[in-house]
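Please have a look at the sequence and the structure first.

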Amino acid sequence: MRTALQRVREEPQSTKARILAAAEEIFAAKGFAGASTREIADKAGVNISSLHYHWESKETLYFAVFQDVYDRIVEVIRKALEERGSSRRKGETIETVMGTLFDFFVEHPTIPRLLVRRLVENDEGHADIENRVLVPAWKVFGEWTRAYGGVRRSEVEANLFMLTVESAVLFFLLDSAHVRTLLGGSVRSPEIRNRVRDYIIRLVPMLLGRRER
């Protein structure tokens with residue numbers, strides 16, 4: 001799978017890459033059960049034989065979509081950490097990373113929908129995604145949280161922090177009618193985006209149990 005995704009990243013205009021991008025969009029809109037390979041093929045502008053040639057099956061594509069999404073999230077955070085370096089103020093690095101991650105989700109609106117749909121579906125038929133993609137990625141996130149959070153915390157506490165932040169970010173970025181009504185517009189409008197982004201960042205020190213700021 002890693003090799004297939006490497007080829008996608010090396011050739012983003014390739015048929016393989018177009019199918020993967022179409023699958024991400026369709027799975028985000030309809031979930032695994034509601035999506036069909038024919039619909040994904042149509043979205044990518046390829047025939048169904050080409051889809052199966054490049055990705056074998058809907059199950060393979062579904063796994064690849066999540067592997068690709070989490071690889072991208074890990075890479076976004078890794079780059080933000082490298083650019084930020086160490087900070088004198090405890091936890092400041094995580095606040096900076098949170099802003100970067102928020103921007104990434106805003107710029108890729110299918111990803112919040114895909115992740116929330118996965119939470120809602122919560123089936124046991126794709127345990128490989130949970131065990132081979134989500135758990136390893138969250139371990140990395142947890143290590144970073146404990147390393148840069150500024151306060152010594154257990155793995156459980158780090159997971160509680162990450163789940164809370166994830167819930168808040170994904171809920172806002174679903175950009176549902178309910179949220180738009182309460183906020184007075186779309187979270188993707190510049191003014192509301194900045195307001196929500198700042199709010200999410202200000203949540204970080206509170207959730208990390210810090211009082212400064």
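Predicted model: local features only at pLDDT ≥ 70, side-chain atom pairs only at ≥ 80, totals over all residues.

Residues are numbered from 1 along each chain as its sequence is written, and side-chain values use heavy atoms, with hydrogens and water left out.

Let me begin with helix α5 (residues 58-84) and helix α8 (residues 127-148), which pack at an angle of about 10° with their axes 9 Å apart. Helices here are DSSP runs of H or I of at least four residues, numbered from the N terminus, and axes are lines fitted to C-alpha atoms over the stretch in contact, with angles running from 0 to 180 degrees between N-to-C directions. Angles under 35 degrees count as roughly parallel, and α5 and α8 are therefore roughly parallel to each other. Their contact, meaning heavy atoms within 4.5 Å, includes F66, Y70 and I77 of α5 and W138, F141 and W144 of α8. By class, this contact has 16 nonpolar, 1 polar and 3 charged residues, where Ala, Val, Leu, Ile, Met, Phe, Trp, Tyr, Cys and Pro count as nonpolar, Asp, Glu, Lys and Arg as charged, and the others, Gly among them, as polar.

The other pair is helix α2 (residues 15-34) with helix α7 (residues 110-121), packed at an angle of about 15° with axes 8 Å apart, which makes α2 roughly parallel to α7. Among the residues making this contact are E24, F27 and F32 of α2 and I111, L114 and R117 of α7, and the contact divides into 7 nonpolar, 2 polar and 6 charged residues.

What, then, lies nearest the centre of the largest cavity? A cavity is a set of points on a 1 Å grid over the protein atoms alone where a 1.4 Å probe fits but cannot get out, and lining residues have an atom within 4 Å of a point. Of the 21 lining residues, I77, M98, L101, F141 and M162 lie nearest the centre, and the lining divides into 19 nonpolar, 1 polar and 1 charged. α9 gives the most to this lining, with 6 residues.

Finally, a pocket is an open set of points with protein on both sides within 12 Å along at least five of seven lines. The lining of the second largest pocket includes R9, E24, D68 and R72, and its residues divide into 5 nonpolar, no polar and 4 charged.

How values were computed. Helix = DSSP H or I, 4+ residues; strand = E, 2+ residues; numbered from the N terminus. Parallel < 35°, antiparallel > 145°, perpendicular 65-115°, else oblique.
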